[in-house]
Amino acid sequence: MPDYNLNINGKSHAVKDVDGTTPLLWILRDTLGLVGTKYGCGIAACGACTVHLDGIPVRSCSFPVSEVEGEKILTIEGLANKDGTLHALQQAWIASDVGQCGYCQAGQIMSAAALLDENPNPSDSDIDAAMEGNYCRCGTYNRIKTAIHIAAVSLSTKGGKS
């Protein structure tokens, strides 16, 4: 089986002797111990496993490792600033008391981060469209939307940097 060199959260990770069809999610969680990304449905339908691939949110449960070599992968573990300061979205999530069971939150935050990277001042309908496919069994959608708006304001006052 082949080896892969993955760029995850700005660091290079050599992954050896891996079946190329292995979903990225299992490489992140089982091989590298980056367990912030969650397994939800396994069919890319719930969004719990969302990570960024070159800035684009993707469902890591259905993305084979053979297709991500050479791409920049960002997980929830890499979202905070290098000095450990939480990303504006993570801060807004806490301030808005979004998380209940918390299981979907990493995927929600990663989808929201991609939205704010592309659209720094999203409307409610922009948020609804971007977050479609990220499900929360606890039903915290209104708090998620509030947190995204708070983060957008925070990022705009900091020049777009978290």
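The C-alpha centres of domain 1 and domain 2 lie 21 Å apart. Domain 1 spans 4-78 and domain 2 spans 88-159, with bounds from an automatic or database domain assignment. This is a predicted model: local features need pLDDT of at least 70, side-chain atom pairs count only at pLDDT 80 or more, and totals for chains, interfaces and linings use all residues. Residues are numbered from 1 along each chain as its sequence is written, and side-chain values use heavy atoms, leaving out hydrogens and water.

- Domain 1 gives 16 residues to the contact and domain 2 gives 13 residues (contact: heavy atoms within 4.5 Å).
- About 1100 Å² is buried between domain 1 and domain 2, and carbon and sulfur atoms give 59% of that area (accessible area, 1.4 Å probe, that two parts lose on being put together, summed over both).

**Helix 3 with helix 4**
- The axes of helix 3 (residues 105-118) and helix 4 (residues 124-131) come within 9 Å and cross at roughly 125° (axes are lines fitted to C-alpha atoms, for helices over the stretch in contact; angles run from 0 to 180 degrees between N-to-C directions).
- Gln108, Ser111, Ala112 and Leu115 of helix 3 touch Asp126, Ile127, Ala130 and Met131 of helix 4.

**Helix 3 with helix 5**
- Helix 5 covers residues 141-157; its axis and that of helix 3 come within 11 Å and cross at roughly 40° (helices are DSSP runs of H or I, at least four residues, numbered from the N terminus).
- Gln108, Ala112, Leu115 and Leu116 in helix 3 meet Ile144, Ile148, Ala151, Ala152 and Leu155 in helix 5.

Notes. Helix = DSSP H or I, 4+ residues; strand = E, 2+ residues; numbered from the N terminus.
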